[in-house]
Amino acid sequence: IQSFFNSSRSNQTLFSALNEEKVVLFLHLLGIDTNGHAHRPNSREYQENIKQVDEGVKEIASMIDNFYGNDGKTAFILTSDHGMTDWGSHGAGHPSETLTPLIVWGAGVNYPQRVTSQFFEDNFLKEWKLENLKRLDVNQADIAPLMASLIGVPFPLNSVGTLPLEYLNSSAHFKAESMFTNAVQILEQFKVKMSQKKETTLSFLFAPFKPLSDSEQINLLKKIRLYIQQQKYDEAVSLCKTLINLALEGLSYYHTYDRLFLGLSIALGFVGWTAYVILVIIKTHTNLTKTVPANKKKPTVLFYGFASAGMIIAFFLLIQTCPWTYYVYCLLPVPVWYAVVREIPVIQDLVTNVLSLHIGQSIGFLLVCVLGIEILVFSFFYRSALTVGLLVFAGWPVITQLWIQAKTKALIWTLLCVLLAVFPLMPVVGRDPNIPLVIAAGLLTLLISFFSLASLCKSENKYRDNEDLKAYFYQMFSIALSTYVVSSTHNSLENKKGLPVMNQIISWMTL
């Protein structure tokens, strides 16, 4: 940066460009990100990096001010793209990853405001000893309109940010006009998105975003303009924010316009695939199928029926000029369901067998299936639901004949299910990786494998020369190798020696 500014002294073109109005100098301080991933945010290396960058920012700000003769016309904005967990990762949506700093100072920027109290769920203000200064949180998208407003240029075409007025040190009239421009700019995006969607949707199927009809748009724009003329700036700003929120809602509506249609297609694909797998299992591993194969003519009729359905779907997508991914989502269920419908004899046998059961048994069986599926769905939102499911599994041998037939195995099963049920209750991401726990799991797996193998060899001699026995040994060997690799890799990274090449080779071979 220093050499860049120094070279402008002898380069007249560069010097002229730097001395124009509305210049943006964009500096990307990459070191912190790379350092955080490599050494983790609480490491000595990261702390030293922070100190170096802090000193660098101070030096750069001073350099820029000196270059422009301390004219007080420069605004500085310091922020970052993301945060990080204590072990150098991001992407899970935790506040430590999604909350980032925004520090703005210089020309056109408001001064800090003192407050007696303010509440935020995180402890950043306390950690930084800033409880007495007002904290103004914004979305990252809001920084673009803030920069545009500070240097007096139009808002970026595709910006979806809302101008954070409290950051600006300017007149009420300027703020109202800026917010009006912001509202018009986002409204234009909404209108373009609506017209694009209208063009690629059959007219009788198109459903517009009703809260922001053409008449409502004109009405809101007229009201805002009238408020500004009457110098009712607060009312104008409030109405601008309403219009912006509606336009953003509308943008989201058109962005996700095909969500229901695509969601149904994907759900059909998944349900069809699940049904096909169940039918294959029933056909291959049970004695429920007794029906003689159906007439050979039926599959031909079925094939042409499904092929026609596929062609109709493809034509429907073609006339709407849908992207190629839509064809994948919508056409994939066709062959899957064709495979399911071909197994009608198996379905008929299954229905016959279920209907032959006692009504109480049938209802009980259905309820257990529904409950199991609901627990799995619930576990997507609340991991503790898996604990409930595992505890049900733990109690399963007690209510069946297994408890009488094989008490030892049933008891081991119950104990292991209860032990496993503890894990969904544990935190998702710990502050540090628990390597001893991982190694202990590997060793425990090996120990159980040895006991199982010994028991198998004693009870059934036929397994001694079986191919399954070889596979069993290979699996045990790969578990031993994996346990070693985890331990070795962790020690190597902790000692700042990097990732050993041999560990990479072993990992790929194991995979």
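Colleague: To start, is Tyr257 buried or exposed?

Modeller: Tyr257 is buried, with a relative accessible area of 18%, where buried means under 20%, exposed over 50% and partly exposed in between, using a 1.4 Å probe and protein chains only. This is a predicted model, in which local features need pLDDT of at least 70, side-chain atom pairs count only at pLDDT 80 or more, and totals for chains, interfaces and linings use all residues. Residues are numbered from 1 along each chain as its sequence is written, and side-chain values use heavy atoms, with hydrogens and water left out.

Colleague: And what about Tyr253, how do the rings of Tyr253 and Tyr257 sit?

Modeller: Tyr253 is partly exposed, at 28% relative accessible area. Rings of Phe, Tyr and Trp (its six-membered ring) pair if their centres lie within 6.5 Å, and planes under 30 degrees apart count as stacked, over 60 as edge-to-face and the rest as tilted. The count by this rule is 21 aromatic pairs. In the pair of Tyr253 and Tyr257 the centres are 5.8 Å apart and the planes are at 85°, so the pair is edge-to-face.

Colleague: Which residues form one aromatic cluster with Tyr253 and Tyr257?

Modeller: The cluster also holds Phe190, Phe206, Phe209 and Tyr254.

Colleague: Changing topic, which residues of helix H7 are buried?

Modeller: In H7, residues 143-151, the buried ones are Ile143, Pro145, Leu146, Ala148 and Ser149; helices (H or I, at least four residues) and strands (E, at least two) are DSSP runs, numbered from the N terminus. Their cover includes strand S1 (75-79), strand S2 (102-106) and helix H8 (172-199), with contact meaning heavy atoms within 4.5 Å.
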